[in-house]
Amino acid sequence: MKILILGAGQVGSTVAESLVGESNDITVVDTDSEKLRQLQDRLDLRTLTGNASHPSVLEKAGIADTDFLLAVTQSDEVNMVACKLAASLYNTPTRIARIRATDYLERREVFNEDNFCVDFSICPEQILTEYIAKLIEFPEALQVLEFSAKKVSLVAVRAVEGGPLVGRPLRFLRTDMPNIDTRVAAIFRQDRSINIGGDTVVEADDEVFFIAATEHIRDVLKELRRIDKPAKRIMIVGGGNIGRRLAKTLERDYQVKLIEHNKKSCATIAADLTNTLVINGDGTDEKLLLQEHVGEVDVFCALTNDDENNIMSALLAKQGGARKVIALINRSAYVGLLQGSQIDIALSPAQVTIGSLLAYVRQGDVAAVHSLRRGAAEALELVAHGDRKSSKVVGRRIDEIESPKGATIGAIVRSGKAIIAHHDTVIEAEDHIIVFVNDKSIVRKVEKLFQVSLGFF
Amino acid sequence: MQRALTVIHALGLMLAVFSIAYLIPIAVSLVYDDGTLIDFLMAMVWTAGTGFLLWLLTRRYKGELSIRHGYLLVVGMWTSMPAVATLPLLLMINGLSFTDAYFETMSGITTTGATTLSGLDFLPPAINLWRHELNWIGGMGIIVLAVAILPLLGVGGRQLFKAETPGPMKEAALTPRITETARNLWFVYASITLACILSLKWAGMDWLDAICHSFSTMGLGGFSTHDTSIGFYNSPRIEFVIIVFMLIAVINFSTHFLAWRGRSITVYRQDPEALATLGLILGSCVGIALFLWWQGVYTSYWTALRHASFNLVSIATSSGFTSQDYSLWPIFAPLWMMFLACTVASSGSTGGGIKMIRTLILFKQAGREFLKLLHPAAVNPMKIGGHLVPNNIVFSVLGFIFLYFMTVATLVFVLLISGMDFISAFSAVLACANNFGPGLGTVGPASNYSSLSDFQTWVCTFAMLVGRLEIFTVLILFTPHFWRR
């Protein structure tokens, strides 16, 4: 596939990195030639320096035969104009734009075919905000991913001594909670996936991935670790795009404190938020954290755009007694380093947000993609089409499907209802199927499995 | 000198235009044939003539109005208009001194509603209507009216508008042109007045009384055509209608305009002042009624609620209608009513006092101080209804409150020196400075201001003017800086 990416910022370069591996022709356009040079040094792609909304630049970048336009520059307006030009001058088939301003997003008609011709708009900050908000809703979980209109969730949790299931085989899950259907998709022990069956014993410190209907998450979590009382006091460090959005999302249901070091932005943030206490200061200032009672904080989020500061303030907060600390970390090397350390959750914004983009690029009908375990594993929501003849999945029981090793069918959403998958569940056309893939290299095979053979058309 | 002449030029024009206001009493005197026709015609000719002459003589000094001109013109207008408006009163009522007549017209135009006249029931209809019309014009403001009908004030209009309109924040322009804004406000005001006239007619008043009382209700003036005010009718229905329209008039007319233009009532929910104003007034009604019932003033709670509601809403909104002699109630009730009158009226309404927005700002400021003590590093900007209030406005509100209390205190002392008793002096100054009219003691609802000496009357007249123009506009003329070049 020929892909044109406008903007080589955080999002642009991560997407490029992820897509290059999947054998695509990629061109990246940015105004900053230094950034482009660095990108080209690392990855096998073409770059072009120039303003991404100028037709001459787009033409040079080969927009005429591009299949897929991804406009992710810093500016909403540039992205929108680029999509408009791509649609009206060059007939580019798929156009995706990063749009941050809620003003545009509230008026969906801005993006339709008569106006800016944006097929899909994505807002990485919003995705990240929702992701963190979920982690705050379930402070025990490491990761909470929602599928199919929030019906089904995939939850990662570290098993802890004290959970009823810890030290017992998985089959007791059914007897412990007869009314709740759930399926354990994978267990990672000391960073290695283990084969699971009904007799597998859950040990403390295992990283357990389970799939359940969204309303049952809390009950399943209870099986794997003791549940504390829900989070109430939240402290956010960094009033950038993410911190501000998160505070705005949370401030109605939680007590939120936001620490920002820039006095001017403090004033605008405080003007924008209603229930958040905005504090002017440095998130790595131990005295300030103690003065603001970091010890009584339930969830501490370090969300500045400086990795080192985030790590330091998260460590200080943990030492000061915060119950759970989350640090936003851009460098993927750091993320692996910190997982399982003092910092409870090291978040890589790129990993969180890339899934929403990948879903559009993937072959087959992919409704959602979520990266797991720092990009090593993946959870996909695929839509089954066709019939028993043209499809390899439709009309078959799950144990009849020749799914590649490492892929687990976790749940099915059929006309708005969640069904947890068992070996005898039969898949129907138009089902949304949630597949857990514990090794990214087999994703291709899974996609192929769900593709309808040519006879269908 | 030249500056004064420029102002007089504009003033002359406005006086000439103001003479049109005499047309309504002239029409009434034609209908009722009450013998006041000649007097009103003379008053009209004199006013128009004087104004025109001033305008003609100073036309060489016609010029753009600066900020200073604005203050001078507004105060000039608000002092000279009541002066010329006394003409029909002096001509018609025998033995009325200029002091009392000027008090009466000033009380009318500042929407205070205090009166020195007795035997209101026997005054010619046209005279009564004239008093009420002053209430009505003063309610929305003479300058706003002038800006609405005199586009030639041009750029200076905005300055004048700001100098007269009550409230600390006047930047919110409803329309791009100030003339258009003024016109819209008057349009809304006049429309609601019309609705009030029809409602009062339905409630049982005759047409003349309905018109008169609508004028004084919408202006939150409080003049009545009867010595016993609304108590004369002893009709719950009339009291209810007046309560409703007083509550409408005590809300910012810009909000009414936005509601009318957007055809939706959600704007009221977004107006923090309106909510606080209505909440405080209605809550107080219930509470005071409970208090009166508990104290045994009325044997039935519903009677207590009826009388408490009417008198409380009337005083709190700074109208000044009465239906009962509330000075006989336990002192807490009337003092609470007066306290409300100082604070609850919305900015941009026809009410008087400190205004709800300033009360809210100071409340929030107090909260900010507490937060500052607990979280020294917190950034906590002032927000009212989701809108940011810059610190300089907070300071100006603090300055206003200081001047307000100093003015009240000083005037109370002056009245005490002149020999008045404390409760009368205190309530008279509050009643005049907040433009609600009846006080307690010798100026209570059962009597009126006629017992005051000439000097005391002038003090009260000054209090009304200072209160209506929100202190700064008047007192600025007494600062040396104003006159220095």
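# Reading the labels on a two-chain predicted model

Visitor: Why is B:P330 called partly exposed?

Guide: B:P330 has 13 other C-beta atoms within 10 Å. A residue is buried if 20 or more other C-beta atoms lie within 10 Å of its own, exposed if 12 or fewer, and partly exposed in between, with C-beta atoms placed from the backbone. The count of 13 therefore makes B:P330 partly exposed. B:P330 sits in the loop between α15 and α16 of chain B, and its C-alpha atom is separated by 15 Å from that of B:C285, 45 residues apart along the chain.

Visitor: How should I read the names and values here?

Guide: Residues are numbered from 1 along each chain as its sequence is written, while chains are lettered from A and ligands numbered from 1 in the order in which they are written. This is a predicted model, in which local features need pLDDT of at least 70, side-chain atom pairs count only at pLDDT 80 or more, and totals for chains, interfaces and linings use all residues.

Visitor: How do you know whether chain A agrees with a compact globule?

Guide: The radius of gyration is taken over C-alpha atoms, and the globule rule is 2.2 Å times the number of residues to the power 0.38. With 457 residues, the rule gives a value near 23 Å; chain A has 23 Å, so the two agree. Its C-alpha atoms fill a box of roughly 65 × 65 × 40 Å along the principal axes, and 47% of its residues count as buried.

Visitor: How many helices and strands does chain A have?

Guide: Chain A has 15 helices and 22 strands. Helices (H or I, at least four residues) and strands (E, at least two) are DSSP runs, numbered from the N terminus.

Visitor: What makes β17 of chain A and β1 of chain B edge strands?

Guide: The open sheet has 7 strands in the order β17(A)-β16(A)-β15(A)-β12(A)-β13(A)-β14(A)-β1(B), with mixed pairing. β17 (345-347) of chain A and β1 (378-379) of chain B each have a single partner strand, so one side of each is left without a neighbour in the sheet.

Visitor: Why do β14 of chain A and β1(B) count as paired?

Guide: Two strands pair if DSSP finds at least two bridges between them. Strand β14 (residues 277-280) of chain A and β1(B) are joined over 2 bridges in the antiparallel sense, so they pass. A:V278 stands opposite B:V379 in β1(B).

Visitor: Which residues make up the contact between the chains?

Guide: Two residues are in contact if their C-beta atoms, placed from the backbone, lie within 7 Å. By that rule, 11 residues of chain A are in contact with 8 residues of chain B. On the chain A side, α10 (263-272) and β14 are the elements that give two or more residues. That side divides into 8 nonpolar, 2 polar and 1 charged. Here Ala, Val, Leu, Ile, Met, Phe, Trp, Tyr, Cys and Pro count as nonpolar, Asp, Glu, Lys and Arg as charged, and the others, Gly among them, as polar.

Visitor: Why is α19(B) called largely enclosed?

Guide: In α19(B), 10 of the 12 residues are buried, so the helix is largely enclosed by the rest of the structure. B:F426, B:V429 and B:L430 are among them. The buried residues pack against α16, α18 (391-417) and α20 (454-468) of chain B.

Visitor: How do you know whether the length of α19(B) agrees with its residue count?

Guide: The expected span of a helix is 1.5 Å times one less than its number of residues. For the 12 residues of α19(B) that gives 16 Å, and its end C-alpha atoms are 16 Å apart, so the values agree. Helix α16 (residues 332-343) of chain B also has 12 residues and reaches 17 Å, close to the 16 Å expected.
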